[in-house]
Amino acid sequence: MMFRLPSQAARADDTGMTLIEVVIAISLIAVIATAAIGLSITGETSSKAQQRQEVAVSVANEAMERVIAESPVALYDGRTEAAVTQSWNENGEASGIDATFMAWDRSPSASKPLLLAPKTTVTRNGTIYTVYTLIGTCKRTVGSNDFCTKSIGSPPTFSEMNRVMVVVKWSAGALCAGPKPCSYQATSLIDASPDLDWNLNG
């Protein structure tokens, strides 16, 4: 009785995957997995950045509400020239600061405690936020909604306004790391007269 060996073609079909094919398959899986992990990390980073931004908005609104709660004549109480100047210099890029005269308490006394600190810090969800409450004066044409500036004039041509600029800064997260932190600003105008006139677009 004679036995026939399988043909070469039959043996080739039964050999399975070669080493090269296995290496290529593993490489493709690694590339796909790396891309998926990268997308997941990017999504998580963006989500955390959005959460910090929302907290910054809340912190700024709280600071602005504290200003609103005070009488216009008490906005500068306890605010020293040195502290105001430092906060002003640290926020040279703030919107409206170039059109605002820096102001502070020119007659400090023990009977006038500091009500609105120029610079404070708060911690929310493990992130430290630096809060600047910048308050200065500007002038606007009486009876108009013109932009409040450093125009030289006096009533009845111009009315004096208090410009409040709340700047919140934070450095947490990859998107806000580095020499220039992330920031959020809220601005408002307060009429210096007894009858308050709020302009949130100031």
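**Note on the predicted model**

1. Lysine 112 and aspartate 105 form a salt bridge, with 3.0 Å between the closest N and O atoms. The aspartate 105 end is buried, at 8% relative accessibility. Keep in mind that this is a predicted model.

2. Now the overall layout. The protein chain has three helices and six strands. Along the sequence they run α-α-α-β-β-β-β-β-β. Of the 202 residues in the protein chain, 31% are buried. Take the contacts between residues at least 6 apart in sequence: 64% of them join residues at least 24 apart. The accessible surface is about 12600 Å². Carbon and sulfur atoms account for 60% of that surface.

3. Arginine 124 pairs with glutamate 62 in another salt bridge, where the closest N and O atoms are 2.8 Å apart. Which parts does this pair tie together? Arginine 124 is in strand β2 and glutamate 62 is in helix α2, so the bridge links parts that lie 62 residues apart in sequence. Arginine 124 is partly exposed, with a relative accessible area of 28%. Glutamate 62 is partly exposed too, at 28% relative accessibility.

4. Glutamate 90 is partly exposed, with a relative accessible area of 27%. Lysine 119 is partly exposed, at 36%.

5. Asparagine 91 is found in the loop between α3 (81-89) and β1 (101-102). Is asparagine 91 buried or exposed? It is buried, because its relative accessible area is 0% and the cut-off for buried is under 20%. Its side chain makes a polar contact of 3.2 Å with the side chain of lysine 169. Leaving out residues up to four places away in sequence, asparagine 91 touches Ile97, Tyr132, Leu134, Val167 and Lys169.

6. Helix α3 has two faces to look at. Its buried residues are Val84, Ser87 and Trp88. They span an arc of only 100° around the axis, so they lie on the same side of α3. Ala82 and Asn89 are exposed on the other side. What covers the buried residues? The cover includes β1, β2 (119-124), β3 (127-141) and β4 (158-170).

7. Look next at helix α2, residues 19-69, where isoleucine 24 lies. Isoleucine 24 is partly exposed, with a relative accessible area of 47%. Together with Ile20 and Leu28, Ile24 makes a nonpolar surface patch of about 320 Å².

8. Isoleucine 152 is in the loop between β3 and β4. Why does isoleucine 152 count as exposed? Its relative accessible area is 76%, and exposed means over 50%. Leaving aside neighbours within four places in sequence, isoleucine 152 is in contact with Phe101 and Phe158. Isoleucine 152 and arginine 140 are twelve residues apart in sequence, and their C-alpha atoms are 9.9 Å apart.

Definitions and conventions. Residues numbered from 1 in each chain as written. Predicted model: local features only at pLDDT ≥ 70, side-chain atom pairs only at ≥ 80, totals over all residues. Heavy atoms only, no water. Helix = DSSP H or I, 4+ residues; strand = E, 2+ residues; numbered from the N terminus. Buried < 20%, exposed > 50% of the residue type's maximum accessible area, 1.4 Å probe, protein only. Polar contact = N/O pair within 3.5 Å; in protein donor to acceptor, adjacent residues only side chain to side chain. Contact = heavy atoms within 4.5 Å. Arc of directions from axis to C-beta. Patch = residues over 30% accessible without salt bridge, like charges linked within 9 Å, V, L, I, M, F, W, Y side chains within 5 Å. Areas by Shrake-Rupley, 256 points an atom, 1.4 Å probe, with all protein chains shown as cover. Salt bridge = Lys/Arg side-chain N within 4 Å of Asp/Glu carboxyl O.
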